[in-house]
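This report describes selected features of a predicted model.

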Amino acid sequence: MNKFICIHGHFYQPPRENPWLEAVELQDSAFPYHDWNERVAAECYAPNAHARFVNSEGRIQRIVSNYSRISFNFGPTLLSWMKEKSPDIYQSVLDADRESQQRFSGHGSALAQCYNHIIMPLANPRDKRTQAIWGFRDFESRLGRPPEGMWLPECAADNETLDVLAELGIQFTILAPRQASRVRPLGESDWQDVNGGCVDPSMPYLVKLPSGRSLAVFFYDGPVSRAVAFEHLLQDGERFAHRLTSGFDDQRTWDQLVHIATDGESYGHHHHYGEMALAYALHSIEANHLARLTVYGEFLEQHPPTHEVEIHPASAWSCPHGVDRWRRHCGCNSGGRPGWNQHWRQPLRDALDWLRDQLAPGYEARAKAFLKDPWAARDDYIAVILDRSPENVARFFSGHAARELSEADQVIALRLLEMQRHALLMYTSCGWFFDEISGIETVQVIQYAARAIQLAQDLLDQDPEPGFLKILGQAKSNLREHRDGRQIYEKFVKPAIMTRETAGAHYAISSLFESYPEQARIYSFTVTQEDRQLFTAGTARLALGRIKVTFEITRNSDTVSYAVVHLGEHNLSCGVRCDGQPEAYAALVKELRAAFERADFPEIIRLIDRHFGQTQYSLKNLFRDEQRKALNQILASTRDEIHNTYRLITDRHAPLLRFLADLRAPAPKSLQMAMEFVLNSELRRQFESESLDHERVQALLAESEQAKIALEADTLGFALKAHLDRLCEQFQKAPDDLALLQRFESAAALAHALPFEVNLWKPQNAYHTMLQTVCAQPCERAAQGDEHAQAWLQHFKALGEQLGFGVDPCAACEHQP
């Protein structure tokens with residue numbers, strides 16, 4: 001009997017992109033990172049690509065990829081974000097799949113996933129098909145091979161869902177043990193009841209489907225998977241390995257598989273250093289010959305199913321009530337909110353189902369004028385989502401156009417397809433998973449619905465918004481101030497809806513705070529200047545312009561005129577209108593310019609009102625990232641003024657603070673706050689500068705320790721991390737620069753002087769790579785007496801020690817193949 005182990009990680013984040021910008025905006029709750037995707041990537045996805053192996057003293061010995069030795073899937077929408085925002089991690093994932101094929105008999109570690117994580121049993125047949133096709137094609141495009149297996153979101157399955165996978169050629173999926181109902185050996189008639197999670201997880205099973213197709217299913221080990229996710233098993237890699245191997249049963253007479261499945265974020269995000277426990281466990285299993293590591297595709301090829309299984313209809317891994325967590329108040333929630341309920345889930349789903357069914361006939365009827373088969377075109381639209389280049393869009397239409405389409409026809413067809421894309425995105429499962437309808441995940445899916453509604457209002461002879469809100473209003477919030485789904489739509493969704501006017505207003509206002517070229521890409525929009533005039537008088541500025549705004553997703557374009565006046569600080573007023581009349585714009589410029597030259601600012605405001613109507617825009621209407629940039633510029637002088645004032649106070653009273661600290665007497669709160677502000681501010685400025693003053697930093701740290709000042713760990717740690725990352729990039733480009741190496745070494749030493757942890761992931765990875773690629777020549781030259789090489793090696797070794805390595809550079813070179 002042979003023993004095999006497979007660990008599956010489901011790596012996923014809900015799509016967080018603004019439906020109009022096609023980008024993730026600033027999320028303050030993820031501070032000090034820009035957004036939650038970036039934060040989880042830093043805490044989990046990156047560390048698993050380069051997991052640390054440490055010795056008994058905690059020194060790094062080597063760095064390995066976990067992805068190449070486990071089974072995993074990444075959500076397609078997450079990979080799309082990662083490709084643009086974290087290309088190094090993205091490439092590491094792709095490389096790991098290729099490496100795993102060499103390790104596992106030609107079978108890759110990666111599995112596909114249904115596109116945007118919808119609960120498949122709750123989808124209609126048409127949406128099931130599109131979700132599976134998009135997930136399949138997305139995987140194929142990125143990994144360069146067809147997927148063998150497909151992860152079902154929340155492991156939610158029914159026979160219809162499994163049949164869709166089998167029709168696509170998917171060979172297997174992974175389910176929870178409680179989803180199995182009964183089993184029997186192939187060819188036999190008697191069934192064995194395995195309800196309650198009693199199915200033997202050590203083998204694959206075959207599901208025979210009503211269509212005549214079949215699909216293999218693996219039921220993961222429930223107790224060990226729960227221990228990883230919820231019982232702190234990842235605190236100790238050795239204990240993790242032991243728990244995995246304890247799943248083998250010597251009474252079994254067949255080759256057996258112990259396998260687990262959890263959220264991949266367990267390894268680093270949910271459990272700090274979980275990726276190191278995973279790396280150690282994998283190493284321990286292999287090094288001690290406890291079992292052979294495998295992936296599902298390899299095991300299935302070598303061990304075809306010998307038993308048949310029937311699964312429960314509409315079941316999932318995170319809800320014992322079937323799939324009720326995503327359609328009604330079933331009792332499943334995140335916990336910690338006594339008195340709350342989730343009765344809002346059903347009217348939310350009812351509203352989205354109603355909207356879907358309202359849009360479908362209109363889409364089909366309108367799209368038939370442009371597309372041979374509107375639903376086949378939707379299935380194939382993933383090709384455009386993956387590559388929106390003009391050449392690829394032309395290829396798409398060459399295969400699906402019902403006739404020769406003009407540019408205007410293509411714009412309409414693309415907008416219709418976008419309406420359907422958002423009608424799919426609005427079913428992302430996270431909208432129902434948590435406890436409150438006003439949560440960011442639920443607001444996100446309602447925003448997708450709003451985008452679909454907006455496109456329907458423009459394209460179809462209908463306005464579904466009133467009917468949608470009538471049903472959504474039945475979804476009652478647990479928070480009195482939010483009342484119900486309709487109120488939440490009005491408060492959080494409606495203000496986010498972007499029009500051509502709001503896009504123009506964003507450009508107009510932000511152009512006062514940053515320079516744009518004549519043609520600028522702003523998120524999913526391209527803005528082309530047709531005219532721009534800027535007038536200044538002291539701190540006052542007036543910008544007038546005429547621009548062409550093109551939404552790159554659908555190629556829809558509009559000409560927009562604008563006027564924006566900034567009277568200093570946050571006092572700003574902007575007017576925007578869509579028109580194609582150059583004469584009206586010329587009159588606008590003439591009148592506003594004359595008023596500005598007279599410094600008649602009240603008249604400027606009146607003219608903006610007269611030319612653009614009562615709808616005016618301000619800093620509140622900027623997209624979140626640009627709004628923060630503008631506010632930072634506006635507040636810069638205020639911050640400097642506050643800092644200088646506090647600096648005078650602290651300089652004068654610093655001796656008193658030290659005296660009080662020495663007596664262990666409480667300092668006046670106002671003085672303590674001033675001191676905290678100044679020291680944290682000055683340290684942050686040092687870390688953000690291009691050249692650190694190490695003596696000054698050490699003095700500030702000593703002062704903060706002596707005065708018992710609390711340092712802002714997140715802010716300062718992130719700032720020093722960014723400084724070290726910049727030095728790392730410079731050193732990689734010029735590894736022979738001894739002075740740069742010394743600066744890098746000194747900066748790395750500061751990380752140990754701070755009373756909190758600094759993320760050294762990027763410098764450590766670079767150092768590990770350079771041990772293998774750069775050290776050989778300096779070691780050889782140093783052995784021949786080259787003094788520069790000897791000095792370089794001395795400082796390079798010292799850098800490694802500061803970065804946590806416990807290897808000798810020249811010894812590491814000798815062990816390279």
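## The second largest pocket

The second largest pocket holds about 1,200 Å³ of space. Its lining is made up of 39 residues; those that lie nearest the centre of the pocket are Phe 230, Asp 263, His 270, Trp 317 and Phe 433.

Several elements each supply at least two residues of this lining: helix H1 (36-49), helix H6 (222-230), strand E12 (256-263), helix H15 (430-433) and helix H16 (440-459). The largest share is that of H6, which contributes six residues.

## Enclosed cavities

Seven cavities of 30 Å³ or more are present in the structure. The largest cavity contains about 90 Å³ of space. Of the 14 residues that line the largest cavity, Phe 74, Leu 79, Leu 111, Phe 139 and Leu 143 lie nearest its centre. Two or more lining residues are given by each of strand E4 (71-74), helix H2 (76-85), strand E5 (110-113) and helix H4 (125-143).

An open sheet is formed by five strands in the order E15-E16-E17-E18-E19, with antiparallel pairing. Strand E15 (519-522) and strand E19 (572-578) are the edge strands, each pairing on one side only. From one strand to the next, the twist averages 30°. Strand E18 (residues 556-566) and E19 run antiparallel and are joined by seven bridges. Tyr 562 stands opposite Val 576 of E19.

Two helices accompany these strands. Helix H20 (residues 582-597) lies across strand E16 (525-537), strand E17 (540-551), E18 and E19, and runs at about 160° to E17. Helix H21 (residues 601-612) also packs on the sheet, where it touches E17, E18 and E19. The direction of H21 makes about 25° with that of E19.

## Cysteines without disulfides

The count of disulfides is zero, the criterion being a pair of cysteine sulfur atoms within 2.5 Å. For Cys 578, the closest cysteine sulfur is in turn that of Cys 574, at 12 Å.

Cys 578, at 26% relative accessibility, counts as partly exposed.

## Two buried residues

Asp 324 is placed in the loop between strand E14 (307-311) and helix H10 (345-367). Its relative accessibility is 14%, so Asp 324 counts as buried. Apart from neighbours within four places in sequence, Asp 324 is in contact with Cys 319 and Cys 330.

Ile 311 belongs to strand E14. Ile 311 is buried because its relative accessible area is 11%, under the 20% limit. Which residues does Ile 311 touch, not counting those up to four places away in sequence? They are Ala 157, Asp 158, Asn 159, Leu 162, Leu 175, Gln 179, Ala 180, Ser 181 and Phe 219. The C-alpha atoms of Ile 311 and Val 217 are separated by 9.8 Å, the two residues being 94 residues apart along the chain.

Methods
Residues are numbered from 1 along each chain as its sequence is written. This is a predicted model: local features need pLDDT of at least 70, side-chain atom pairs count only at pLDDT 80 or more; totals for chains, interfaces and linings use all residues. Side-chain values use heavy atoms; hydrogens and water are left out. Buried means under 20% relative accessible area, exposed over 50%, partly exposed in between (1.4 Å probe, protein chains only). Two strands pair if DSSP finds at least two bridges between them. Helices (H or I, at least four residues) and strands (E, at least two) are DSSP runs, numbered from the N terminus. Axes are lines fitted to C-alpha atoms, for helices over the stretch in contact, and angles run from 0 to 180 degrees between N-to-C directions. Contact means heavy atoms within 4.5 Å. On a 1 Å grid over the protein atoms alone, a cavity is a set of points where a 1.4 Å probe fits but cannot get out, and a pocket is an open set with protein on both sides within 12 Å along at least five of seven lines; lining residues have an atom within 4 Å of a point. Grid points are joined across faces, edges and corners, and a volume is the space filled by probe spheres set on the points.
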